[in-house]
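Reader: I have a structure open beside its sequence, and I would like to learn how to read its features one after another. Could you take me through them slowly?

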Amino acid sequence: MPAVSKGDGMRGLAVFISDIRNCKSKEAEIKRINKELANIRSKFKGDKALDGYSKKKYVCKLLFIFLLGHDIDFGHMEAVNLLSSNKYTEKQIGYLFISVLVNSNSELIRLINNAIKNDLSSRNPTFMCLALHCIANVGSREMAEAFAGEIPRILVAGDTMDSVKQSAALCLLRLYKASPDLVLMGEWTSRVVHLLNDQHMGVVTAAISLITCLSSKNPDEFKTCVSLAVSRLSRIVSSASTDLQDYTYYFVPAPWLSCKLLRLLQCYPPPEDGAVKGRLVECLETILNKAQEPPKSKKVQHSNAKNAILFEAISLIIHYDSEPNLLVRACNQLGQFLQHRETNLRYLALESMCTLASSEFSHEAVKTHIETVINALKTERDVSVRQRAADLLYAMCDRSNAKQIVSEMLSYLETADYSIREEMVLKVAILAEKYAVDYSWYVDTILNLIRIAGDYVSEEVWYRVIQIVINRDDVQGYAAKTVFEALQAPACHENMVKVGGYILGEFGNLIAGDPRSSPLVQFNLLHSKFHLCSVPTRALLLSAYIKFINLFPETKATIQEVLRSDSQIRNSDVELQQRAVEYLKLSSIASTDVLATVLEEMPPFPERESSILAKLKKKKGPGVVVVSDLEDGKREGGELNGGGDRGPDSAMSASNASTPSPSADLLGLRSAAPVGAAAPSAGSLLVDVFSESGAGGPAAAVNDDGFLSSVPPSAASEDLAPPLPEADELLNKFVCKNNGVLFENQLLQIGIKSEYRQNLGRMYLFYGNKTSVQFASFSTTLNVQTKPVEPLVEGGAQVQQVLNIECITDFSEAPQLNIKFRYGGALQNITLKLPVTINKFFQPTEMTATDFFQRWKQLSQTQQEAQKIFKANHGMDTEVLKAKLLGLGTALLENVDPNPENYVCAGVVQTKSQQVGVLLRLEPNAQAQMYRLTLRSSKDTVSQRLCDLLAEQF
Amino acid sequence: MINAILIFNNHGKPRLIRFYQYFAEELQQQIIRETFHLVSKRDDNVCNFLEGGSLIGGSDYKLIYRHYATLYFVFCVDSSESELGILDLIQVFVETLDKCFENVCELDLIFHMDKVHYILQEVVMGGMVLETNMNEIVAQVELQTRMEKSEGGLSAAPARAVSAVKNMNLPEMPRNINIGDLNIKVPSLSHF
């Protein structure tokens, strides 16, 4: 006989459902439903009091309508009325309606609570169960307030029926989850724990959920549950398959309860008590042994239940991570499952192995299954399983198998499901970077990644490859060659164009020697992609073009032609138009030197955590972050290569000088000098350049030999640190170059980009916070004056300061720069010398040999000459010397000195007040590793200062 | 914890929905559609687990499902549940339905939705498993049915008798009684 009586249901309900099912269209259905809703509403509102049966029928209809997806906004009151009926069926449907349709902040809760209170005190177990169900399903705070005291009493009372105990346990769990502060266990704790020993397995089943939750929150108070759980588990595991009667499921004794006991144990470390631990290990071994026994039934339910326990046992073994013997057995068992014909088992085996791969005891054992896992990635029909295989490959990857795994993942990517491609791309990018031994492999991998799955390559990935190429000079040539080849594909992804544009713009010169990739070929290749690209890519390409003009003057005419075309210079997009206009002007106005300075190679990016890893973490939920956290641990071994979060394009815009930035005066004015400088050059982009306000203060302190920034530190501020001992050395690094890292310690990195033209200069200071913590009260002080910088530097962030410089007259002391900030609580105070030296204001002068010697003779007074003979500090390579002399800012004159070994240079130092012509002669003696340096100029201080500066350079 | 239990047919028509975590009604329907979309496109011999749809919480949750003839039984659970354990639980639930309804079919779920809910309540309560022993569950359901029947015998029948009498055009009855024919008053009632 069926347990449910079908015949005597509610006729009206059956008719209504049949009507709905007979509806031919959605519209007809909605019409029928609306008709019924109107009918029920009028019945509820009508004068006649409805009897319980009708209410029950209508409430049932409402439930059915709700199931079909229609909002039910009435009937709640009628349902609440049903609760107080003394008929079981009416009460039951009332509670059902409330559980399904009433949410926890309904206004009716108070009325409902009244009904529940009555039922709980009725001592009718069926009514009590209905009430407890309702509390567990709604679980509002108001309910917790009303019943949190009552329910533990019901749970542990000696005379409570088993079915009520079960409900009370879960009800209490729900209240604890919703309002932990209201459920005070204290006195009940030990009696709740002892429910694990209850005779009735149903009570244990319900209680264990409660105990697991409480233990995970208050492990110490509940730790006695460990030994009880172990003994319960041991009794179940060792029982014959018939001992537990009804709780034996397809010949497996109490599988659900076993799983839950094993889960509970995962809240705790391995038991300290030797006997308990021994018993537990015995259980785990028995479970592992049983897996090898022949099945007692061919039914899938039998193996399912058996394996459910087995997987939980393996989880516990992995959780303990202390029994190498068991770990290896677990790994072998999972290895068997990897090839099982049941898809579910393959899925779960891959998933469990992922956690096993992070254990030091079993990492190697997991690696032995690599071929099977790769095979799974290739042949599994189910995307869920393939995804687990990909996760496992990622987890088991290390230096020894990185190349194989990355190449397998790449080839899988070609056919991978769209849903998992982005994640796969990130994983490949991370592995390639993390385990790259040679960087050409890394570059190949990422470019392949873009080729295969360009759409799924996020910005982080292509930023990263550029950062790494820029930071590692050994791979730059290879990268240029490879992108050049990749761009030749007829259809290549826009991300490839971006990477190609950037890398050729920076390093195209490295492959320009080959006629097949001559500058013009490179340019035409890039430009052939231009029209197919989006605006941001086009903007990037325009920047690449101007870099080309700098790298390859022979392309200037072609590129200017392109920039000048209407489609560029009149582009409707403001950004593109601006770039076209500015670049065109820049290329036609600026001298090659200025161009070379503006477009100098990008400085290395600061080393930081991979932004890709952060992205992956963000993408995946907390469950996967566990894996990534592990990686963090490994990374401290120094496997990761650095790079900044800053995208290359944003760095580029800094060099374009089109961003308004806080500018600051650097050099004050000497009061003696005619103060014509008050009016800044018109049309300048900069806010204010040459403020006069400094004239009063610092001028008093300026020495007589006419120099601007030799203000004693005390005049500016009392608490400035004295310059670092290495300040002069740092300064000397910049005599022959304009860009680079001025200073770096564990916290702070200061980068400099500067450019000079005649007696004017502009310097960008980049203050980078290398930590993850904010710098507070950040300030910089020049011993002249500056506008303040942003007072906060966020962790990992960079602030920029722009200085505009004018050389009033010649000088020998470099301005001092003081930086102060708070890192954590500690005040950091650093004083550096700003690398502004007199030679920065050189204008090169070309002259013939006759002119040179004629002037040389004119400057023959002793004070006009400065000479030094010194030992070589560096190698005496011709090219290096030439580069340094050019970097100095003078013109290097060929065929002037009769001795070809010697170098002569000429230039004019431009200051506001006067121009100082300078001649230089450097005579190397390779045998003795000595130099003689002679400088003659029309001003003795200039000769002397230049001579001092230069003697440190060679 | 079990966050939701969804039963729908091969066309995505919901036959039972039970959420143990609050979602607005509109969202509940969207979750059903999304879940149906995810589950229905899978072959029958692939695995029974997949990551939850975005509406229900994404990869923190798993959908564990079984497909029986015309119906999908889908449990959405968090990571604290054993996948195979939940598969067994679905089996227990379905076998219980089968016992209670004798060869359960989709129509039973449609016309006895309330009963299906009651059976489910004996298995899962507030998202946690209450009982896994099928005989115990069936015993509880039988107890309910007995109570229902005993109430039906005492009160439901008179209630229906009254409504039947109403439908028969009430005014006639008193008239007949007024006539004072004693023979008809008690026996005639037993027909109802």
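Reader: How many strands does the open sheet of chain B have, and in what order do they lie?

Author: In general, the strands of a sheet pair through backbone hydrogen bonds, either parallel or antiparallel. In this predicted model, chain B holds an open sheet of 5 strands in the order β2-β1-β5-β4-β3, with antiparallel pairing. Strands here are DSSP runs of E with at least two residues, helices are runs of H or I with at least four, and both are numbered from the N terminus; two strands pair if DSSP finds at least two bridges between them. The edge strands are β2 (14-19) and β3 (49-51) of chain B, each of which pairs on one side only. From one strand to the next the twist averages 20°, where axes are lines fitted to C-alpha atoms, for helices over the stretch in contact, and angles run from 0 to 180 degrees between N-to-C directions.

Reader: Which residue stands opposite Ile5(B)?

Author: Strand β1 (residues 2-9) of chain B pairs with β2(B) in the antiparallel sense over 5 bridges, and Ile5(B) stands opposite Arg18(B) in β2(B).

Reader: Why is one side of β7 and of β10 in chain A left without a neighbour in the sheet?

Author: These strands belong to an open sheet of 3 strands with the order β7-β9-β10 (chain A) and antiparallel pairing. Because β7 (775-782) and β10 (826-833) of chain A stand at the edges with a single partner strand each, one side of each has no neighbour in the sheet. Neighbouring strands of this sheet are turned against each other by 15° on average, direction ignored. Between β7(A) and strand β9 (residues 816-823) of chain A, which run antiparallel, there are 6 bridges, and Phe775(A) has Tyr823(A) in β9(A) as its bridge partner.

Reader: How many residues lie between β4(A) and β5(A) in their hairpin?

Author: There are 3 residues between β4(A) and β5(A) in this hairpin, and the two strands, residues 740-744 and 748-757 of chain A, run antiparallel and are joined by 4 bridges.

Reader: What joins the side chains of Arg141(A) and Asp181(A)?

Author: Side chains of opposite charge can pair when their charged atoms come close. A salt bridge is counted when a side-chain nitrogen of Lys or Arg lies within 4 Å of a carboxyl oxygen of Asp or Glu, and the whole structure has 44 of them over all chains. Arg141(A) and Asp181(A) form one such salt bridge, at 2.7 Å from N to O. This pair links distant parts of the chain, 40 residues apart, with Arg141(A) in helix α8 (residues 141-147) of chain A and Asp181(A) in the loop between α10 (162-178) and α11 (189-193) of chain A.

Reader: How many residues does each chain bring to the contact?

Author: With contact meaning heavy atoms within 4.5 Å, chain B brings 75 residues and chain A brings 80 residues. Across their interface there are 6 salt bridges, including Arg42(B) with Asp382(A), whose closest N and O atoms are 2.9 Å apart. Helix α2 (residues 83-101) of chain B gives the most to the side of chain B that touches chain A, with 13 residues.

Reader: Which conventions should I keep in mind?

Author: Residues are numbered from 1 along each chain as its sequence is written, while chains are lettered from A and ligands numbered from 1 in the order in which they are written. Local features need pLDDT of at least 70 and side-chain atom pairs count only at pLDDT 80 or more, whereas totals for chains, interfaces and linings use all residues, and side-chain values use heavy atoms, with hydrogens and water left out.
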